[in-house]
Amino acid sequence: MEKDQHTHIVKYRTYVYVLIALLFMTFVSVAVTGIDLGPYTVTTALLLASIKSVLVLLIFMHLKFDKKFYGIMVASVFLLLACVIVITFMDYLYR
Amino acid sequence: MSEAVNQHTEVSYLEYKGRFKGLFAWIFSTDHKRIGLLYLYSMLVLFSVAALLGLAMKIELIAPGKTIMDAQTYNSFFTLHGITMIFLIVVPGLPAVFGNFFLPIMIGAKDVAFPKLNLLSWWIYIIGAFIALSAQFIGDGPPDTGWTFYAPYSFRTGTNMLPAVTGAFVLGFSSIATGINFIVTMHRMRAPGMSWMKMPLFPWALYGTSWIQVLATPIVGVTLLMIVLERTMQIGFFDPALGGDPILYQHLFWIYSHPAVYIMILPAMGVISEIIPTFARKTIFGYKAIVVSTLAIAFVGYFVWGHHMFTSGMSGTALYTFSILTFFVAIPSAIKIFNWVATLHKASIDIQTPFLWALCFLFVFMVGGLSGMVLGALSTNVHLHDTAFVVAHFHFIVFGGTGYAFFGAIHYWYPKMFGKMYDKSWANIGLAIFFTGFNILYLPMFYLGMTGMPRRYYDYVDEFHGPNIVSSLGALLMISGLIIIITNLVRSAKHGVPAEADPWKGKTLEWTVASPPSLENFEEIPTVTKHPYGYE
């Protein structure tokens with residue numbers, strides 16, 4: 001089952017752009033720790049980490065060019081993780 | 001599916017001579033069937049040790065005060081019993097043994113997608129087991145935290161925690177590798193014509209389980225690593241003295257460990273879904289409902305971990321949320337029970353040993369499930385938390401669920417795995433003694449818990465003496481039954497009569513190949529045209 005596959009070649013220029021974006025967000029993640037954002041510190045860190053993960057998944061891991069089904073599977077995993085984090089913080093925010 | 005039953009036209013996987021000989025032909029084999037048996041033998045040894053530890057604890061509790069061990073030894077025994085039973089037996093149990101052996105055959109494949117990764121999983125399992133068990137023999141004494149390693153005690157105790165935690169961490173990799181292997185196998189290697197809705201229910205259960213293994217195990221891995229870092233480098237994650245939060249540990253631990261309960265129970269449900277239609281000679285009632293409820297349990301099971309923490313000091317909002325979600329997860333489990341019972345309605349039932357195990361499963365699993373409802377309700381949970389009631393509930397679900405399904409599975413697939421039939425009379429006698437002992441052992445613990453006996457204490461007040469005597473005698477009876485069952489199985493592997501290819505008149509693909517199967521399972525990959533349970 002599911003034998004159909006195809007290859008997709010991404011330009012080196014795209015990889016370089018993504019690399020620069022990842023490095024930029026890493027610096028931002030570090031810089032943000034010096035600012036007191038209160039309860040939003042974790043939110044900011046998670047948001048930046050999520051954007052970086054999405055870039056890696058889409059471009060480096062070719063999810064963008066693969067079958068839609070795999071994209072849905074990965075999105076479901078992220079949704080699950082988001083739900084787990086939200087429920088955990090229902091304890092911390094209302095304790 | 002099984003119109004034509006093949007005979008032994010090729011040498012079986014047990015007789016096949018590969019590059020290595022003797023023991024090496026097993027421990028370096030990438031054949032999914034041999035790897036399944038490697039897990040089975042490893043678990044049989046570990047299970048025997050852990051069951052004897054459990055028996056020793058029950059003998060200690062036969063009378064108040066010190067009977068055969070002191071408090072610290074008792075603490076170490078329940079810790080080792082828990083770590084071994086949970087991390088080394090029931091979590092990997094059914095997928096590693098029967099998943100490995102039967103998943104490829106049931107979907108019409110010659111092996112799993114990554115055979116070498118499969119062998120690596122077993123090696124990681126063995127290495128993890130050695131590391132975890134080494135905690136008993138080296139350093140500052142056996143761990144005494146219980147299998148949950150709760151913070152802050154887990155990094156303050158002077159006992160030898162690090163190897164136990166590291167072992168559990170290593171074992172996680174084995175679980176993840178097996179999960180990935182099974183998911184890819186089911187996506188890529190189903191036989192031609194086997195659409196998702198023609199896949200048997202045991203593989204479906206393994207599919208849901210594998211996703212939990214892949215997604216939840218890393219969380220406990222990271223959590224255990226955080227304990228190691230906290231103990232060795234004084235980084236404050238969970239210790240309030242270092243600025244950490246002990247409730248965070250409980251959240252992270254149970255975010256994995258509650259879904260892990262479904263890693264244990266989903267394959268068990270898959271086994272029961274195979275046994276019941278075979279012996280009822282009837283198409284399973286509500287195939288799609290069982291598939292959907294399998295996936296629903298796997299999904300909703302992620303969001304109910306907080307019901308282990310109702311007395312931890314969580315916020316009220318979190319308590320209500322987790323309690324409601326806990327009641328939701330009971331719905332798909334109940335759907336399955338109704339489907340199995342409905343399958344039996346007006347069926348031409350052939351009463352054989354595997355079917356009796358399935359019936360016993362239904363009884364003990366329902367007792368476990370309904371007592372879980374009592375614990376899922378906030379008001380009653382506060383009263384029963386950390387009492388013997390929880391121990392009884394847990395054993396009815398995990399031992400009664402996974403354990404009964406495991407023994408049901410081995411009696412169901414034994415003729416296929418070893419090509420021999422066990423002695424059915426002794427198998428039934430063993431089951432009767434085991435089932436009686438099981439209930440005498442655990443039912444009094446519900447009463448003890450409701451009347452206030454806390455768990456994890458080697459001593460108790462005189463008021464609890466009577467039910468504890470009954471419970472301890474039940475343990476002795478249950479172990480006697482286990483000895484009969486295991487002896488019968490071990491003996492029959494050599495002395496049993498040769499088994500037919502399809503002794504139970506099953507319809508799924510494993511019954512179309514020889515007993516025991518050949519190295520590559522199928523001479524020719526089958527084309528599937530029918531529903532897996534086409535009895536009518």
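Which residues in α4(B) meet which residues in α6(B)?

Author: Happy to walk you through it, and please keep in mind that this is a predicted model. On the α4(B) side, the residues that take part are B:Pro95, B:Ala96, B:Gly99, B:Leu103 and B:Pro104, and they meet B:Thr178, B:Phe182 and B:Thr185 in α6(B). Sorted by class, this contact has five nonpolar, three polar and no charged residues.

Now for the geometry of that pair. Helix α4 of chain B covers residues 93-106, and its axis comes within 12 Å of the axis of α6(B), with a crossing of roughly 20°. An angle under 35 degrees counts as roughly parallel, so α4(B) and α6(B) are roughly parallel to each other. The crossing in which α4(B) passes α6(B) is left-handed.

The peptide bond leading from B:Ala151 into B:Pro152 is cis, with omega near 0°. Chain B has another cis peptide bond, joining B:Ser515 and B:Pro516, with omega of about -5°. B:Pro516 sits in the segment after β2 (497-498) of chain B.

While we are on backbone details, two residues deserve a look for their phi angles. As background, most residues other than glycine have a negative phi, and most peptide bonds are trans. B:Gln234, which is not a glycine, has a positive phi near 60°. You will find B:Gln234 in the loop between α7 (201-233) and α8 (246-280) of chain B. B:Gln234 has 11 C-beta neighbours inside 10 Å, so this residue counts as exposed. B:Lys505 also has a positive phi near 60° and is not a glycine. B:Lys505 is placed in the segment after β2 of chain B. With 13 C-beta neighbours inside 10 Å, B:Lys505 counts as partly exposed.

From there, let us turn to a buried position. B:Ala405 belongs to helix α13 of chain B, which spans residues 388-418. B:Ala405 has 29 other C-beta atoms within 10 Å, and a residue is buried if 20 or more lie within that distance, so B:Ala405 is buried. Leaving aside residues up to four places away in sequence, B:Ala405 touches B:Leu94, B:Ala268, B:Val271, B:Ile272 and B:Phe361.

Next comes another helix pair in chain B. Helix α10 (residues 316-344) and helix α11 (residues 353-376) have axes that come within 10 Å and cross at roughly 165°. An angle over 145 degrees counts as roughly antiparallel, and α10(B) and α11(B) are therefore roughly antiparallel to each other.

Helix α3 of chain A (residues 68-94) packs with α10(B) at an angle of about 150°, and the axes are 7 Å apart. This means that α3(A) and α10(B) are roughly antiparallel to each other. A:Ile87, A:Met90, A:Asp91 and A:Tyr94 of α3(A) make this contact with B:Gly316, B:Thr317, B:Ala318 and B:Thr321 of α10(B). The contact of α3(A) with α10(B) has four nonpolar, three polar and one charged residues.

In total, 12 residues of chain A are in contact with 14 residues of chain B. On the chain A side, these divide into eight nonpolar, one polar and three charged. Chain A itself is assigned two parts, domain 1 (1-64) and domain 2 (67-95). The centres of these two domains of chain A, taken over C-alpha atoms, are separated by 17 Å.

Definitions and conventions. Residues are numbered from 1 along each chain as its sequence is written. Chains are lettered from A and ligands numbered from 1 in the order in which they are written. This is a predicted model: local features need pLDDT of at least 70, side-chain atom pairs count only at pLDDT 80 or more; totals for chains, interfaces and linings use all residues. Two residues are in contact if their C-beta atoms, placed from the backbone, lie within 7 Å. Ala, Val, Leu, Ile, Met, Phe, Trp, Tyr, Cys and Pro count as nonpolar, Asp, Glu, Lys and Arg as charged, and the others, Gly among them, as polar. Axes are lines fitted to C-alpha atoms, for helices over the stretch in contact, and angles run from 0 to 180 degrees between N-to-C directions. Helices (H or I, at least four residues) and strands (E, at least two) are DSSP runs, numbered from the N terminus. Angles under 35 degrees count as roughly parallel, over 145 as roughly antiparallel, 65 to 115 as roughly perpendicular and the rest as oblique. A residue is buried if 20 or more other C-beta atoms lie within 10 Å of its own, exposed if 12 or fewer, and partly exposed in between; C-beta atoms are placed from the backbone. Domain bounds come from an automatic or database domain assignment. A crossing is left-handed if the near helix is turned anticlockwise from the far one by less than a right angle, and right-handed if clockwise.
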